[in-house]
Amino acid sequence: MTSGDERSDSSGNTPEPGVPDVERRAGDDRPTVPKADGVRVHRPATESGTIPADQIGPADTSKRYVPEDGEDTEETSVATDGGATPTNVSPDGELGDIDFVDPAEGRSADFEGDMTPGEHVDPPDDVDLDTPGYGIREEMNDIETPDDKTWFMELDEAVIQDDRCIQCGTCVAACPSDSIGIGEDDLPKLVKMCTGCSLCWDFCPRGGLRYERQWKITGGDDNVKGAGDPITEFSAKVGEEWQRNAQDGGVVTAVLAKLLAEDEIDGALVATESDEEPWKAESFLATSEAELAANAGSFYNQTLALGNLDIERWSHKLDVPLEEASLALVGTPCEIEGIRALQDFEWEYGAQNAGVEAVDYTVALMCTKNFNYYSLIGEQLQEKRNVDPADIGKMDVLHGKMMVYDHDGDLIVEEDIENFHDAALKGCNECADFTGYCADLTVGSVGSSDEYSSVIVRTDVGMEAWKLVEGTLDYHDLEDRSAIGKLQGWDKKNAFESLERPFDPDAPRFIDYTDHAENYGTERNPHETDH
């Protein structure tokens with residue numbers, strides 16, 4: 001007799017403790033262990049389990065270790081739990097030679113055949129791999145969305161899908177999680193999960209931002225009347241050398257060049273022409289007088305300037321760290337309203353944060369409305385008027401007319417601007433800020449004679465910039481203040497008729513989505529219906 005697990009078989013052999021009874025093979029005295037019902041998997045205690053026996057296959061003999069000459073070959077495979085056979089491993093467990101291929105540099109991986117990046121290869125049957133609708137939140141948990149949360153889907157419903165987006169890019173800059181990008185149609189789009197922080201809604205000049213409240217940043221409480229409360233106003237122009245490519249008097253280019261020369265700024269965010277599409281504007285950081293001169297002039301479509309404040313892509317052009325950079329921003333009045341609002345709050349704005357903090361000078365371009373590039377250049381000029389975009393040398397909106405010139409300076413289109421209103425951004429109808437009330441400087445053609453620009457100085461920062469450049473300009477007092485006031489009055493009247501909400505400079509800065517939805521008849525909580 002034995003005690004415990006020490007029991008003898010009929011042959012008198014004593015098995016190792018814990019080893020189950022064995023069966024013998026015919027003619028074989030060696031004991032074998034019967035096949036277990038499962039193989040235990042070594043996992044953390046919380047994930048322990050077994051692999052069912054019917055899922056354990058034989059060793060893969062096609063990948064046996066190949067011994068070198070003279071090496072013992074009786075047992076040449078090393079099996080692991082489950083029957084797999086490692087490759088390049090000798091019987092004693094030593095790793096053999098392995099050849100590694102260096103990855104390609106400077107380009108994406110090659111795709112064979114008709115494959116494209118992002119394509120799902122051999123997906124399982126009956127499996128939907130598309131991003132689930134937002135309504136999945138309700139299936140995942142019973143947590144109700146807080147009333148004070150506003151999602152990008154609501155901004156999309158109320159502004160973008162309602163054709164009211166003015167393409168300023170403020171929502172892109174406001175997003176702290178970089179969840180909003182710019183789509184191929186030049187409109188904001190969600191590129192990853194929305195966190196519901198509400199900032200994209202709060203800072204949208206057609207959504208939650210009461211843009212007229214921003215006007216009090218300059219000029220005091222009375223600047224909602226007439227042409228505002230500027231410090232001073234001029235009609236000015238630069239010399240002929242710069243003016244050849246510049247718009248009207250070329251003052252914007254002159255101011256920026258002087259700020260660069262005096263080391264007041266490290267660069268200026270301006271518009272440049274797309275390499276692929278003639279007369280399509282894109283954001284550009286100019287860091288030299290030559291780059292400023294090469295990009296002088298106006299483009300009549302938005303660049304989503306505030307959606308391009310990630311200056312990391314231009315870090316190679318800056319001589320200072322990004323967090324120390326000082327920039328000037330040239331934009332439409334709505335873009336200046338947006339950057340001013342963003343700078344009023346010390347929040348993190350994701351990849352755009354350094355750009356938001358770096359803007360120290362703002363220049364607004366007088367603007368009654370802007371245009372959709374494809375509608376203006378493609379439909380109105382190319383299709384309806386047979387003007388090849390490549391033949392356009394300059395465009396201007398002057399005295400209520402659209403003026404288009406060829407590269408020789410000859411006028412090829414001169415029509416009332418009203419004939420092009422179908423190409424205008426519909427959201428521009430709600431804007432009452434023709435003269436850029438929030439900017440340090442406002443520049444435009446209205447109020448001055450040909451070849452001169454009207455300049456409105458609104459802040460002390462703007463005055464400093466003007467004093468730097470005035471010695472290089474031909475200037476005098478503003479020629480026609482009434483012309484600016486008249487067009488500003490027309491712009492306000494049009495905005496008051498288009499706005500579906502009350503216009504109130506004394507009201508709170510931000511408009512709740514629920515209030516906006518009530519005024520505009522917008523669907524509440526569109527994300528809950530898988531918008």
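Biologist: Why does Cys 175 count as buried?

Modeller: In this predicted model, Cys 175 has a relative accessibility of 5%. Buried means under 20%. The value falls under that cut-off, so Cys 175 is called buried.

Biologist: How many disulfides does the rule give?

Modeller: The count is 0. Take Cys 175: the nearest cysteine sulfur belongs to Cys 197 and is 5.6 Å away. A disulfide needs the two sulfur atoms within 2.5 Å. Cys 175 is therefore in no disulfide.

Biologist: What about Cys 204: how do you know whether its sulfur is close enough for a bond?

Modeller: Its closest cysteine sulfur is in Cys 168, at 6.1 Å. The cut-off is 2.5 Å, so that is too far for a bond.

Biologist: And is Cys 204 buried or exposed?

Modeller: Cys 204 has 10% relative accessibility. Under 20% is the test for buried, so Cys 204 passes.

Biologist: What makes Ser 198 stand out in its backbone?

Modeller: Its phi is positive, about 80 degrees, although Ser 198 is not a glycine. Ser 198 sits in the loop between strand S6 (188–190) and helix H4 (199–202). Its relative accessibility is 7%. That is under 20%, so Ser 198 counts as buried even though it is in a loop.

Biologist: Where does Glu 451 lie, and what is its phi?

Modeller: Glu 451 is in the loop between strand S15 (441–444) and S16. Its phi is positive, about 75 degrees, and Glu 451 is not a glycine either.

Biologist: What makes you call S16 mostly covered?

Modeller: The count of buried residues does: 5 of its 5. They lie on both faces. Ser 453, Val 455 and Val 457 are on one side, with Ser 454 and Ile 456 on the other. In general, side chains of a regular strand alternate between the two faces of the sheet.

Biologist: Which strands does S16 pair with, and how do you know?

Modeller: Count bridges. Pairing takes at least two. Strand S7 (residues 232–237) is joined to S16 by 5 bridges. S15 is joined to S16 by 4. Glu 233 has Ile 456 as its bridge partner in S16, while Gly 444 has Ser 454.

Biologist: Why are S12 and S14 said to stand at the edges of their sheet?

Modeller: The open sheet has 3 strands, in the order S12-S13-S14, with antiparallel pairing. Strand S12 (392–398) and strand S14 (411–416) each have a single partner strand, so one side of each is left without a neighbour in the sheet. The twist averages 10 degrees from one strand to the next.

Biologist: How many bridges join S13 to S14?

Modeller: There are 5, between S14 and strand S13 (residues 401–406). At least two are needed, so the two strands pair. Met 403 stands opposite Glu 414 in S14.

Biologist: Which helix lies across S12, S13 and S14?

Modeller: Helix H10 (residues 373–385) does, running at about 105 degrees to S12.

Biologist: How do you know whether the span of helix H12 agrees with 1.5 Å a residue?

Modeller: H12 (residues 481–498) has 18 residues and should span 26 Å. Its end C-alpha atoms are 26 Å apart, so the span agrees.

Biologist: Why is helix H8 called largely enclosed?

Modeller: H8 (residues 333–343) has 11 residues and 10 are buried, so the rest of the structure largely encloses it. Among the buried ones are Glu 335, Glu 337 and Arg 340. The cover includes helix H3 (170–174), strand S10 (327–331), helix H9 (353–358) and strand S11 (359–365).

Biologist: And the chain as a whole: how many helices and strands?

Modeller: It has 13 helices and 17 strands. Of its 531 residues, 43% are buried.

Conventions:
Residues are numbered from 1 along each chain as its sequence is written. This is a predicted model: local features need pLDDT of at least 70, side-chain atom pairs count only at pLDDT 80 or more; totals for chains, interfaces and linings use all residues. Side-chain values use heavy atoms; hydrogens and water are left out. Buried means under 20% relative accessible area, exposed over 50%, partly exposed in between (1.4 Å probe, protein chains only). Contact means heavy atoms within 4.5 Å. Axes are lines fitted to C-alpha atoms, for helices over the stretch in contact, and angles run from 0 to 180 degrees between N-to-C directions. The expected span of a helix is 1.5 Å times one less than its number of residues.
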